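Hello,

Here is the structure for you to look through. My notes follow below it.

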Amino acid sequence: MDKKKLYDIIEAKAPLLTGLSDRIWEYAELSLLEYKSTAAYVQVLTEQGFTVEENVCGIPTAFKGTFGSGSPKIGILGEYDALSGLSQVPGIAEKQELVPGGCGQGCGHHLLGAGALGAAIAVKEAIASGELSGTVVFYGCPGEEGCAGKAFMARDGEFRDLDAALTWHPGDTNEIMVGSNAACIQVEYTFTGIAAHAAGDPFNGRSALDAAELMNVGVNFLREHMKPKESVHYSFSDAGGISPNVVQPIAKLVYMVRSDTVRHAKVLLNRVNNIARGAALMTDTQVSWRQIDGTSDTLSNQVLEQLIHENLSIAPLPCYTEDEIVFAKQLKATFVEGPLPGTMTDSIPALKKFIQEKTAGGHAPLNDFVIPYYPSNAFSPGSTDVGDVSWLTPTAQFNAVTWPSGSPGHSWQNVACGKSSIAHKGMLLASKVLAGTCADLMEKPDLLAQAKEEFAVTAADGYDCPLDKDVVAGPQ
Ligand SMILES: [Zn+2]
Ligand SMILES: [Zn+2]
């Protein structure tokens, strides 16, 4: 079909989409507490004629909206959760809290969700008018930041019936996301000891805090003997009481264990578990643990990536006004100078040259161009729950420019820019690219078959869910 028609639908829905995005920015709800955001999406999906299912997989803030019938069935993934401690006045280039101690959309998930929804609505209208045939499913995926909502949905039966899944992420480049992300498993360890007066009768005490510290020391020694793509991170979620004059009877640590595959992450986790057992043994305390969440490594699908890149290259890129450029420059002045943008910049000399020229050495305030696509199996040490979807159906994702070049991840600057026209323009671009890609998949069965062929090879080992069967999704 003529993609201009899809773009026109999205432009006509722009007030609805930007309004929704701005509302989610204001709600700024943390992982699995996205009740207002969910209600807003459910209302829009219902009004737009989707068949809505709430409480998907028993998660109160997971939902999906379906339109159409038959195959192909294409999923478009949306997110909406925010981050703690990032409340920020919008539209200014200085750090200033909007709500003291409040949350903020530092990862741009308000744009991610609304942009994805814009694509689903455009495809829905094309199906309704008979220009496309198939099924489009908008997935409301909660808790990306703090619980790996998609992994729970994947474990409990979602995504398997899709022919492909597409999504995007706000960023500072217009670029295909390539390569793989690490698998990650998150576990909380609880040490239980015996309280005692630290000076009076410490011999009667058994310190859970000592056990936790010894566990951390043990893991520090483990690090030398891990594989290159593996990493382990920790925090104290409970260090016992605040009085040093007490032998602390309880202490809790949260660990994140990362590796290149879920299987390897599970092996590494077992070594960490043994260290926890050893720390308990050394201190005559008890240890127990519970899994919090987990994400799979990401399988790329180069057929889909190529297709998204084609759509990103033909969609009209935003033109920025003088005011937008001035605001972007003001924000950029608050960043620490980082490397040149682009995932593959350092590894491909021709790409580095291209980006150097396009960005004036990284100094341009907004990256108003599309980064060329280079297929890659490069490994990125971070994790995403899109990985779990990617093991169940061919999946691909891209970035669109929603904030100035070099804006740090999870930053107040991203929140400050999140309601701006710069952000809205990037969001609508993402809607157009996703809708155009979805239309191609519905109209060109050969392409979908190629994507599935590739998927059959990359996912040949089958989905090894990082989550144990009894782990329940819950806010942290
Ligand atoms: Zn994030
Ligand atoms: Zn994010």
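**What was found**

The count comes to one cavity of 30 Å³ or more. A cavity here is a set of points on a 1 Å grid over the protein atoms alone where a 1.4 Å probe fits but cannot get out. The model is predicted: local features need pLDDT of at least 70, side-chain atom pairs count only at pLDDT 80 or more, and totals for chains, interfaces and linings use all residues. Residues are numbered from 1 along each chain as its sequence is written, and side-chain values use heavy atoms, without hydrogens and water.

The largest cavity holds about 60 Å³ of space, a volume being the space filled by probe spheres set on the points. Its lining includes Glu-175, Thr-343 and Tyr-374; lining residues have an atom within 4 Å of a point.

Now the cysteines. There are zero disulfides (pairs of cysteine sulfur atoms within 2.5 Å). Cys-184 is in none; the nearest cysteine sulfur, that of Cys-147, is 13 Å away. Cys-184 is buried, at 4% relative accessible area (buried means under 20%, with a 1.4 Å probe and protein chains only).

Last, the strands (DSSP runs of E, at least two residues, numbered from the N terminus). In S3, residues 73-78, five of six residues are buried. S3 runs parallel to S4 (residues 135-140), joined by six bridges; strands pair if DSSP finds at least two bridges between them. Lys-73 stands opposite Thr-135 in S4. S3 also pairs in the parallel sense with S5 (residues 164-171), over three bridges. There, Gly-75 has Ala-165 as its bridge partner.

Best wishes

Notes
Chains are lettered from A and ligands numbered from 1 in the order in which they are written. On a 1 Å grid over the protein atoms alone, a cavity is a set of points where a 1.4 Å probe fits but cannot get out, and a pocket is an open set with protein on both sides within 12 Å along at least five of seven lines; lining residues have an atom within 4 Å of a point. Buried means under 20% relative accessible area, exposed over 50%, partly exposed in between (1.4 Å probe, protein chains only). Helices (H or I, at least four residues) and strands (E, at least two) are DSSP runs, numbered from the N terminus.
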